[in-house]
Amino acid sequence: MDSLAPDLKKRALDEGFDLVGVASAGPARTADALDRWLAQDMHGEMGYMERTRGVRSDPGNLLEGCRSVIAVAMSYHTSAAPSTAAATSDGRVWVSRYAWGRDYHRILKKKLVRLGRWLAERQPGCGWRACVDTAPVLEREWAARAGLGWIGKNTMLLNRKLGSELFLGLLLTDLELEPDRPRPDHCGTCTACLDACPTRAFPEPRVLDARRCVAYLTVEHRSEIPAEFAHGVGAMVAGCDICQEVCPWTRRAPADLHPEFAPHPDRSRPRLADLESLTEEDYRQWRRGSPLNRIPYKQFRRNLAVAGRNQSTQRD
């Protein structure tokens with residue numbers, strides 16, 4: 001298998017991935033941290049995290065006999081102005097960068113499936129499974145173990161060249177491939193991501209209390225947004241980019257690498273009034289082809305109302 005890993009990596013890059021690496025499979029090293037996080041209810045209303053805890057603890061639970069994890073990444077960093085430069089009083093709101101372009105789940109999954117089929121052609125009979133972040137797997141840990149970067153203080157995978165605005169995918173296989181070395185931590189004493197969080201969602205470095213996170217509150221949280229966090233939501237109506245935008249590694253990363261993730265004019269800094277006028281069917285059309293299907297219409301209207309109140313408060 002010594003000659004297979006280099007060919008596999010070349011094939012992954014030819015598919016359009018920006019980063020690729022290999023880790024030896026086995027129990028997840030962050031499984032205990034996940035248990036502590038769940039025990040403290042930091043997952044909020046994401047009940048699926050608790051239900052799938054056992055599966056997430058080992059990729060062998062997703063692919064029997066898994067021996068290697070191939071991690072890949074694609075950058076979605078763009079040259080557009082950051083949310084931190086956007087006023088909340090100009091009548092516009094903010095949709096997270098990850099949702100500006102086409103649905104990354106479909107794009108990465110298709111590329112991973114083609115990579116898996118290529119692997120099976122080279123090694124007939126081998127087992128493989130393609131996973132994106134909808135699968136119950138700790139993709140950031142495996143990306144870090146495969147040498148794609150390190151886990152930053154905002155819990156995101158960080159790469160020295162590409163920053164943290166990365167879509168991650170995994171290809172599990174029962175083949176034993178030569179693993180890559182993990183990368184050292186390059187966060188140093190920097191706390192920009194922790195300091196910039198408008199709702200103080202990080203009780204300590206590399207620990208995220210999702211219940212306070214704007215991205216969670218606008219995307220995953222189905223109940224009313226607690227009053228204590230409503231102001232911190234600002235103009236965000238779908239996700240949040242602040243802790244990534246302020247990161248020095250992300251700010252200096254090359255931009256606009258993939259046209260499929262280029263900002264769609266209807267989702268990049270849309271006007272609040274335009275979104276408020278959308279019927280439920282209009283909303284489905286507005287989000288079509290994007291990764292925003294997790295946000296139902298009623299919840300989206302709730303987010304718009306919070307952003308609208310924040311804008312009114314700022315004008316007053």
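Me: Cysteine 247, buried or exposed?
Reply: Buried, at a relative accessible area of 9%. The cut-offs: buried is under 20% relative accessible area, exposed is over 50%, and partly exposed lies in between, using a 1.4 Å probe and protein chains only.

Me: What kind of model is this, and what gets counted?
Reply: It is a predicted model: local features need pLDDT of at least 70, side-chain atom pairs count only at pLDDT 80 or more, and totals for chains, interfaces and linings use all residues. Residues are numbered from 1 along each chain as its sequence is written, and side-chain values use heavy atoms, with hydrogens and water left out.

Me: Back to cysteine 247. Which cysteine sulfur is closest to its own?
Reply: That of cysteine 190, at 6.5 Å, which is too far for a bond. A disulfide takes a pair of cysteine sulfur atoms within 2.5 Å.

Me: And cysteine 197, what is closest there?
Reply: The sulfur of cysteine 213, 6.6 Å away, so again too far for a bond. Cysteine 197 is buried too, with a relative accessible area of 8%.

Me: How many disulfides in the whole structure?
Reply: The search finds 0.

Me: New topic, the core. Which residues touch the most other members of the largest one?
Reply: Leu108 and Leu119, in a nonpolar core of 74 residues. Such a core is a set of buried Ala, Val, Leu, Ile, Met, Phe, Trp, Tyr and Cys residues joined through side-chain atoms within 4.5 Å. Helix 5 (residues 104-122) gives the largest share, 8 residues. Helices here are DSSP runs of H or I with at least four residues, strands are runs of E with at least two, and both are numbered from the N terminus.

Me: What other core lies apart from the largest one?
Reply: One of 22 residues. Its members include Ala71, Cys131, Ala146 and Leu166.

Me: Helix 2 next. Which of its residues are buried?
Reply: Ala31, Leu34, Trp37 and Leu38, in a helix running over residues 31-39. Seen down the axis they fall within an arc of 115°, so they line one face. That arc uses the directions from the helix axis to the C-beta atoms.

Me: What covers that buried side?
Reply: The cover includes helix 3 (47-51) and helix 4 (53-56). The face turned away carries the exposed residues Asp32, Arg36 and Ala39. Just after helix 2, aspartate 41 has a positive phi of about 60°.

Me: Where is arginine 271, and what does it contact?
Reply: Arginine 271 is also in the loop between helix 11 and helix 12. It is partly exposed, at 38%. Beyond neighbours within four places in sequence, arginine 271 contacts Asp90, Gly91 and Arg92. Its C-alpha is 5.7 Å from that of glycine 91, though they sit 180 residues apart along the chain.

Me: Aromatics. How many pairs?
Reply: Rings of Phe, Tyr and Trp (its six-membered ring) pair if their centres lie within 6.5 Å; planes under 30 degrees apart count as stacked, over 60 as edge-to-face, the rest as tilted. That rule gives 10 aromatic pairs. In one of them, tyrosine 76 and phenylalanine 167 have ring centres 4.3 Å apart and planes at 20°, so the pair is stacked.

Me: Where do tyrosine 76 and phenylalanine 167 sit?
Reply: Tyrosine 76 is in the loop between strand 2 (68-75) and strand 3 (94-95), and phenylalanine 167 is in strand 7 (residues 166-173), 91 residues away. Both are buried. Together with Tyr98, Tyr104 and Phe261 they form one aromatic cluster.

Me: How far apart are the ring centres of tyrosine 283 and tryptophan 286?
Reply: 6.0 Å, with planes at 25°, so they are stacked. Both lie in helix 13 (residues 280-287), 3 residues apart, about one turn. Tyrosine 283 is buried at 1%, and tryptophan 286 is buried at 10%.

Key:
Contact = heavy atoms within 4.5 Å.
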